[in-house]
Structures are given as C-alpha cells and as structure tokens.
Amino acid sequence: MKKWLLTSLIAASLSCSVQAADQDYKLVTVAGYLNFYLLNLNACEDFHPEVRKAAFDAEQSLYPWLAKLDARTKNSIDASVISDVVKKRRNALNAQINEGDFTLEHCQAVIKLLAGDGLDKTLLKNLE
C-alpha cells in the first residue's frame with residue numbers, strides 16, 4: 001500500500017512537472033514570436049523612415065500581449081531564458097541588416113501581417 005501511494009505521488013508530481021515545462025516552453029515560444037515582430041518593427045522605424053508611422057502603429061498592437069506575457073512569465077520562467085531567445089532574434093535581425101536584406105519590402109510585409117492578418121490566435125491562447 002505504501003509503495004502504491006508513493007508511486008502515485010511520484011507519478012503525479014512528474015505529471016505536474018511535465019505540464020509546467022510544457023507551459024513554459026509555450027510561453028517561451030510566444031515570447032520569441034512577439035519579440036520577432038517588436039524587433040522588426042523597431043528596426044523598420046530606424047532604417048526605413050517612410051514606414052515609421054505605420055510601423056509605430058502596428059507596434060502598438062503588440063503591447064497588450066507583451067504585458068500579458070510579462071505577467072505570465074514573471075514568476076514562472078527564468079528571465080535569462082527569454083533574454084536568450086530575444087538575443088538570438090536580435091542577432092539574426094542584425095545579420096539580416098548587415099547583409100543588406102532588411103528591405104523596405106520586408107518592413108511593409110511585417111506591417112501588413114500585423115495590420116491585416118493580425119497575430120496568430122493559436123499561439124496567443126497560451127497567454128490566456
């Protein structure tokens with residue numbers, strides 16, 4: 001009986017750990033997704049002044065989601081994990097800029113995605 005109880009408790013705790021790790025992974029994925037757009041829009045504002053206003057307007061749609069992400073991750077995920085994701089995104093964007101591939105058309109496409117299609121609702125459900 002004691003072995004069964006102990007086994008049940010261990011299985012329950014492992015299940016909770018796996019579920020927490022799965023949720024953390026989803027939140028890190030959402031963080032990478034939202035920061036991709038934020039970094040790109042910031043770069044558009046800096047490198048392509050002709051779309052600065054549209055990029056700024058599109059950027060505003062990210063802030064409520066970033067606030068929800070911050071609230072969800074504040075006590076559950078080590079900040080360095082999200083910081084590492086953002087650094088990787090920033091390095092990839094910097095490489096794109098350095099290679100001359102950060103074009104006006106790229107910015108227009110990013111803005112159109114946010115202004116027209118909107119963000120991926122499936123990913124964002126992880127914040128609710």
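Buried residues, meaning those under 20% relative accessible area with a 1.4 Å probe and protein chains only (over 50% being exposed and the range in between partly exposed), make up 31% of the 128 residues in the chain. This is a predicted model, in which local features need pLDDT of at least 70 and side-chain atom pairs count only at pLDDT 80 or more, while totals for chains, interfaces and linings use all residues. Residues are numbered from 1 along each chain as its sequence is written, and side-chain values use heavy atoms, with hydrogens and water left out.

**Fold**

- The secondary structure comes to six helices and zero strands, where helices (H or I, at least four residues) and strands (E, at least two) are DSSP runs numbered from the N terminus.
- Of the contacts in the chain with a separation of 6 or more, 84% are between residues 24 or more positions apart, a contact being heavy atoms within 4.5 Å.

**Nonpolar core**

- A nonpolar core is a set of buried Ala, Val, Leu, Ile, Met, Phe, Trp, Tyr and Cys residues joined through side-chain atoms within 4.5 Å; the largest one has 32 residues, and Leu-34, Leu-41, Leu-62, Leu-69, Leu-119 and Leu-127 have the most contacts inside it.
- At least two residues of this core are supplied by each of α1 (2-47), α2 (52-60), α3 (63-73), α4 (79-98) and α5 (104-117), and the largest share, 12 residues, comes from α1.
- Once its neighbours within four places in sequence are left aside, Leu-119 is in contact with Tyr-33, Leu-34, Tyr-37, Ser-61, Leu-62, Trp-65, Leu-114 and Leu-124.

**Helix α3 and Thr-73**

- In α3, the residues Trp-65, Leu-66, Leu-69 and Thr-73 are buried, and they lie on the same side of α3 because they cover an arc of only 100° around the axis, the arc being that of the directions from the helix axis to the C-beta atoms.
- Thr-73, with a relative accessible area of 8%, is buried, and beyond its neighbours within four places in sequence it is in contact with Leu-27 and Ile-82.
- The C-alpha atoms of Thr-73 and Leu-127 are separated by 9.5 Å, although these residues are 54 residues apart along the chain.

**Largest pocket**

- The lining of the largest pocket consists of Asn-35, Leu-66, Leu-69, Asp-70, Thr-73, Lys-74, Ile-77, Asp-78, Ala-79, Ile-82 and Ser-83; a pocket is an open set of points on a 1 Å grid over the protein atoms alone where a 1.4 Å probe fits, with protein on both sides within 12 Å along at least five of seven lines, and lining residues have an atom within 4 Å of a point.
- The elements that give two or more residues to this lining are α3 and α4, and the largest share, four residues, comes from α3.
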